[in-house]
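Here is a short walk through a few helices and a few side chains. Have the structure open beside you as you read.

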Amino acid sequence: MTVPVLGLEALEAAARPETVFETVRAALIAHAEDRTTVPAPLHLDFPQAGGDCHVKAGWITGDDDFVVKIVSGFYRNPDRGLPTNHGLVCVVSALTGQVRAVLDDRGRLTAWRTAAAGALVTHAMSRADAGTVGVFGTGEQAGLQVEWLGMLRPLARVLVHGRDARKAAALCDRLGALGYEARPAAADETAAADIVITTTPATAPVLAAAAIRPGAHVTGIGADMPHKNELPADLFRRAETIVTDDHSQCLHHGDFGHAVRAGAVAEHADTAAGAVLAGPARRSATAVTVADLTGVGALDAALASALIQEHGLVTERFSRHPDRAATP
């Protein structure tokens, strides 16, 4: 059997936003309800090259497929004229163990599910009248978080803070071309927005907890390895609600874990993101809320399976009864 290899063009054609949102939302809820199998991620760090690599796997109970995913981020690549992110996804039958497809997605599947997860959680946890967004970071995910959140709610203004003023201006130009009012801003002004999103590979907090205003929501995207840290521990101390996409992962290598180890919050002070999405989120008008998202392999599994079905590769059916195993 020749394993199909789907390239980026085919995946982009299948990845309609409504499909991605629906799939990611359902997978986060399944994960919150313990209907997933997600082993601990494998991390490789390449400090001499300014890069890192993640290997993640996941399966949603009862689904016909599971995935193993490799995704890398090499943060000096733009200076070389190369994309920051690369990767591929291997889709495997959970019924026979056969490889069903390889998605040569160049890291885009990870980018889409991260953008959708961030947008869904941010939208659910933010005030209904929150319209100003402050973004820390100038890379691909910074732009995607704004774009995908903008599909769920109107955004009045976008403030962008980055270490490189030219990159911050370039991101504002890209967002402006999409119809957003966007401009570069200092760190404290960006942190004073109604909605704050951090999307950096920082190893120390990128904002001050005191700069976050009452009633604001903060979503941290970038801390996905133990040495990374975007959000200060004191911010978690201020939070009325703390949401994590995976409790164990966020304790091990998320901003939530840094806050717990600093003694700012208790180990079980968090709520599962899927639980927030499953029901109406409740918050007071002056509450500060925080989401720490580290990326869950079950979301990759659900999205990869959904995209290959959108592309027309229908999962083969096999008997689940041990005495009536069918021949492939």
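Helix α3 and helix α4 cross in a right-handed way; a crossing counts as right-handed if the near helix is turned clockwise from the far one by less than a right angle, and as left-handed if anticlockwise. Helix α3 covers residues 108–125 and helix α4 covers residues 140–150, and the two pack at an angle of about 50 degrees with axes 8 Å apart. Axes here are lines fitted to C-alpha atoms, for helices over the stretch in contact, and angles run from 0 to 180 degrees between N-to-C directions. That makes α3 and α4 oblique to each other, since angles under 35 degrees count as roughly parallel, over 145 as roughly antiparallel, 65 to 115 as roughly perpendicular and the rest as oblique. Among the residues making the contact are Trp112, Ala115 and Ala119 of α3, and Leu144 and Trp148 of α4. Contact means heavy atoms within 4.5 Å.

A word on what you're looking at: this is a predicted model, where local features need pLDDT of at least 70, side-chain atom pairs count only at pLDDT 80 or more, and totals for chains, interfaces and linings use all residues. Residues are numbered from 1 along each chain as its sequence is written, and side-chain values use heavy atoms, with hydrogens and water left out. Helices (H or I, at least four residues) and strands (E, at least two) are DSSP runs, numbered from the N terminus.

**Around helix α11**

Helix α3 also meets α11: their axes come within 10 Å and cross at roughly 115 degrees. The pair is therefore roughly perpendicular, and this crossing is right-handed. On the α3 side, Leu109, Thr110, Trp112, Arg113 and Ala117 make the contact, while α11 supplies Leu299, Asp300, Leu303, Ala304 and Leu307.

Helix α2 (residues 17–32) packs on α11 as well, at about 145 degrees and with axes 9 Å apart. Again, α2 passes α11 in a right-handed crossing. Here Thr19, Val20, Thr23, Val24, Ala27 and Leu28 of α2 meet Ala298, Leu299, Ala302, Leu303, Ala306 and Glu310 of α11. In general, an α-helix has 3.6 residues a turn, so residues three or four places apart point the same way.

How do the spans of these helices compare with what is expected? The expected span is 1.5 Å times one less than the number of residues.

| Helix | Residues | Span between end C-alpha atoms | Expected span |
|---|---|---|---|
| α2 | 16 residues | 22 Å | 22 Å |
| α3 | 18 residues | 26 Å | 26 Å |

How much of α11 is covered? Mostly: 12 of its 14 residues are buried, where buried means under 20% relative accessible area, exposed over 50%, and partly exposed in between (1.4 Å probe, protein chains only). Helix α3 is mostly covered too, with 16 of its 18 residues buried. As for α2, its buried residues include Phe21, Ile29 and His31, and they pack against β2 (36–37), β4 (51–60), α3, α4, α10 (273–278) and α11.

Now look just past the helix ends. After α2 comes Asp34, whose phi is positive, near 60 degrees, and just after α11, Gly312 has a positive phi of about 100 degrees.

Start with Lys69, which sits in strand β5 (residues 65–74). Is Lys69 buried or exposed? Lys69 is buried, at a relative accessible area of 1%. The side chain of Lys69 makes a polar contact of 2.9 Å with that of Thr110 and another, of 3.0 Å, with that of Asp300. A polar contact is a pair of N or O atoms within 3.5 Å; within protein, one must be able to donate a hydrogen and the other to accept it, and residues adjacent in sequence count only if both atoms are side-chain atoms. Thr110 and Asp300 also take part in the α3–α11 contact.

Next is Thr198, in strand β11 (residues 195–198). Thr198 is buried, with a relative accessible area of 0%, and its side chain makes a polar contact of 2.9 Å with the side chain of Glu230.

His253 counts as buried at 2% relative accessibility. Its side chain makes a polar contact with that of His252 (3.2 Å). Beyond four places in sequence, its contacts include Pro41, His43 and Thr294.
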